[in-house]
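The sequence and model come next, and the text follows them.

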Amino acid sequence: MRDQLQRLLEAAIDQLRRQGLLPEQARVAVRVDRARDSAHGDFASNIALMLAKAAGMPPRKLAERIVAALPKDPSIRRVEIAGPGFINFFLDPAAQFAIVRRVLEERERFGRSDIGRGRRIHIEFVSANPTGPLHVGHGRGAAYGATVANLLAATGFQVHREYYVNDAGRQMDILTVSVWLRYLESCGESLPFPASGYRGDYVRDIAARLRRQVGESYRRPAESVLEGLPPDAPAGDKELYIDALIRRARQLLGDQAYETVLRTALEAILADIREDLEAFGVRYDRWFSERDLVASGRVEQALALLDQGGWLYRKDGATWFASSRLRDEKDRVVVRENGQITYFASDIAYHLDKLERGFDRLIDVWGADHHGYVPRLKAAMQALGADPERLEVRLVQFAILYRGREKVPMSTRAGEFVTLRQLREEVGRDAARFFYVMRKPEQHMDFDLELAVSQSNDNPVYYVQYAHARVCSVFRQLAEKGWRRDVDQGMEALTRLTEPHEQALLATLARYPEIVERAALQREPHQLTHYLRELAGEFHTYYNAHTFLVEDAPLRNARLNLIDAVRQTIANGLGLLDVSAPESM
RNA sequence: GCGCCUGUAGCUCAAUCGGAUAGAGCAUCGGCCUUCUAAGCCGAGGGUUGCAGGUUCGAUUCCUGCCGGGCGCGCCA
């Protein structure tokens, strides 16, 4: 409908131009918006205001000419000029009824579109280091990424969801040593636990598993482990200490046993993460291993490519990428003095790999604390000859947990953080998923645990689900009263839906496909949650104001068709959020 | 110090590439269950959109400066 109005306006303006009433250069994209206020009709355009200056006439005068030149269209009942020069369109009510037919014909497909035209999008999200369970901070990225992926898939993009597993590098070594030390403890050795080791209980669990697997064969005397190590914090440097400990562990265990400890830890944690995300409704097409990437030589290849382009140089024994030539604030190390590649180097290779896999667009969802990383990665893309615009980084701000008034501590030390699993167990998947995407991603968010579990009208999840359950309940009542639904009769009688509440619902239903499209293109799932709240609200109002199961059969069936369309739309919307649509509550 | 995000009702947040009278929910106050689920509905009050300028027919939205909050500025990941 909107497109149609746009075409009509364009035609009108073309005509004015041919008549010489508008100068050639007066060209502005014609836009038609849904009117915010129903007093302004169904759609409104500000085109006369935009062109007034170029046309050299007052906006209202120009609006009058445009309206006069507007081709006739049967679905438009009336056109008004209002305010400073807005052109307001009032649609014929009959045109509004068609939405019910459309929803009930398209069913689950209602709201889906092909605007993506099959273009391939790679979306990487969560990608938390596999050094511990996911915590609530990861939850927002998970919910956001998964929902954006769903929205894109629903709008005709071919979506590939990926988790980048940072299973190479120093953090994995620290985890390995942490597990081994806990293992030694369980064997009866007594040693201090390093300041920068991983302290969570899950480390002990993995140590216990390791002990079941290998018995005491990895046991080494505490003295041999600690002998000659530099002091740990607070007296010494905890980083130097942990690095020395890592070397010692390798040396005492040998490469093979060390690798076994690492793999045991990695597999346990990855299985846990995978399970957690699955229960959260988040699935991936691929789990991409950094270790595999490094082992395949892809990192060297990527660096060689940069080198060929003249982007690398050596300084202080390290190899640097000249990213400052591409709008990064400084150059970045890709190979350290000790010969090890940096995380950044493998990330360059990873993104090169994504590009080579032929995706039209790459979306990375990161925590906002990584924002400083964006320019260097874009610089790398450009240096590799790719358009940096193909990479789109979406930064998600942190969620601060509250229990009522009280802030929930989130310190990682002492394993004090709230895990995603705990959150899900406490508030449930539906509330968690819905709450996480209720806010714009760049908004700092307060997540109130009490509110999320509360079964009341202040909980938007239940509010929306309740609307769905209520419709289902009406249909159950229909059967109990011994009536049969007649869909066709209801369609014939749609014109009986003249109540303001019904008109409002029809207009809101008609907006749904636009909402999905906008939410997808702007990567803003919160638009969908807000819409669903509004739709549910209008339904609840309608429910209270009118009885659906009336004696008048045509009217009854028309209303049933309308609320069935509402139910379907809510179910579709919740589906995109991976939130359930219960039939009773 | 530099960079990114942010500041809207008492609280949590919306506001359609700059649109008309800035909207919801919660909280507060007052109503509605012999009728399809009261996890609901109806009504009332509540605002100098952090501050000061600028651009514009029109600014919460864009620009500049200031003030406040979050985050980042490693041969860590």
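Ala545 is part of helix 20, which spans residues 526-545. Helices here are DSSP runs of H or I with at least four residues, strands are runs of E with at least two, and both are numbered from the N terminus. This is a predicted model, in which local features need pLDDT of at least 70 and side-chain atom pairs count only at pLDDT 80 or more, while totals for chains, interfaces and linings use all residues. Residues are numbered from 1 along each chain as its sequence is written, and side-chain values use heavy atoms, without hydrogens and water.

Ala545 counts as partly exposed because its relative accessibility is 40%; buried means under 20%, exposed over 50% and partly exposed in between (1.4 Å probe, protein chains only). Between the C-alpha atoms of Ala545 and Glu105 there are 27 Å, and the two residues are 440 apart along the chain.

Helix 20 also packs against helix 21 (residues 553-576).

| Item | Value |
|---|---|
| Angle of helix 20 and helix 21 | about 155 degrees |
| Separation of the axes of helix 20 and helix 21 | 10 Å |

Axes are lines fitted to C-alpha atoms, for helices over the stretch in contact, and angles between N-to-C directions run from 0 to 180 degrees. Helix 20 and helix 21 are therefore roughly antiparallel, a term for angles over 145 degrees.

Notes: Chains lettered and ligands numbered in written order. Parallel < 35°, antiparallel > 145°, perpendicular 65-115°, else oblique.
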